[in-house]
Amino acid sequence: AVVSTQSGHYGRGTNRTLYENVELRPLPDDYEPRIVDLLEAEIPTDMEVEDSSSEEWKSTDQINESLITLSTVPKARWTALCKLDIIKKRNKPKAPPTGPKAAPFFLSTTRELVPKFVLEENEAEETEKMKAVRSEESEFQRTITGTKDVGNILKYLDSLSPSILDVELQSLAPLDGGTYGLVDRFVDILIEAVKLRGNYDVLQAYINVFLKYNRQYLIDTQSLHDKLACLKTLHSDSWLEMQQKIQECLCVTNFLKSATL
């Protein structure tokens, strides 16, 4: 217990964590401390302990519009997205897999002049299905074109695996199966996402992969140059602001380490 006096008042403070569960959470902006009398500060014997540990506290997505917020996505996910081609090259087998010299006797064959294994037909059917799926509009394309809220789009992108997101970003341009509208829409999404000043680390990975696969198409398309210039300006301003804050923190840290107080 702690006994203190302040402005003519005296009282005793007790450690509530010794007799009840206390959940640490930020106080509201309008919080005002309450001054109680010494007798009120005594711990009642019949006090009902309220268990608040089951309540899950969740922070807001953006504390303040002037701040730049990082995402809660695991670092390994968005770093793997930027280096996915290196990871695939490293995991590629040195020699292609070879089949058995003699097929087992229990594999079924077709009744033709030249018999074929049924497995080959199944692989051909799967190949045709994959071609049909690629020609259709994917869920990623429907989401970015049909959803207006950029925050919901970013949450959807965060839920995708790096390999799926890599393929989708690679397929936006017309030469890779996409359309001009998809590229234009994704540039708008990146501009609005930078303005939101959130998910800063993951957003850098999205911009990196998008420009890596579509840079030639973006260079050749004159109608997108104004939007790309706007994206470059917003991105540069946000990075210069963050760089300045980092330098200020480093200066203060170095001063406290070297100063003789």
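1. Quick terms before we start: buried means under 20% relative accessible area, exposed means over 50%, and partly exposed is in between (1.4 Å probe, protein chains only). On that scale K227 comes out as partly exposed, at 26% relative accessibility.

2. Keep in mind that this is a predicted model, where local features need pLDDT of at least 70, side-chain atom pairs count only at pLDDT 80 or more, and totals for chains, interfaces and linings use all residues. Residues are numbered from 1 along each chain as its sequence is written, and side-chain values use heavy atoms, leaving out hydrogens and water.

3. Now the salt bridges (a side-chain nitrogen of Lys or Arg within 4 Å of a carboxyl oxygen of Asp or Glu). The count is 5. One of them pairs D184 with K227, at 2.7 Å from N to O. D184 sits in helix 7 (residues 180-196) and K227 in helix 9 (residues 225-258), so this bridge ties together parts 43 residues apart in sequence. Helices here are DSSP runs (H or I, at least four residues), numbered from the N terminus. D184 is buried, at 16% relative accessibility.

4. K227 also forms a salt bridge with D188, at 3.1 Å from N to O. That pair again links distant parts of the chain, with D188 in helix 7 and K227 in helix 9, 39 residues apart. D188 is partly exposed, with a relative accessible area of 24%.

5. Then there's K195 with E192, a salt bridge at 4.0 Å, N to O. Both residues belong to helix 7 and are 3 residues apart, about one turn of the helix. K195 is partly exposed at 47%, and E192 is partly exposed at 36%. Back to the shared partners: D184, D188 and K227 are joined by their salt bridges into one network.

Notes: Helix = DSSP H or I, 4+ residues; strand = E, 2+ residues; numbered from the N terminus.
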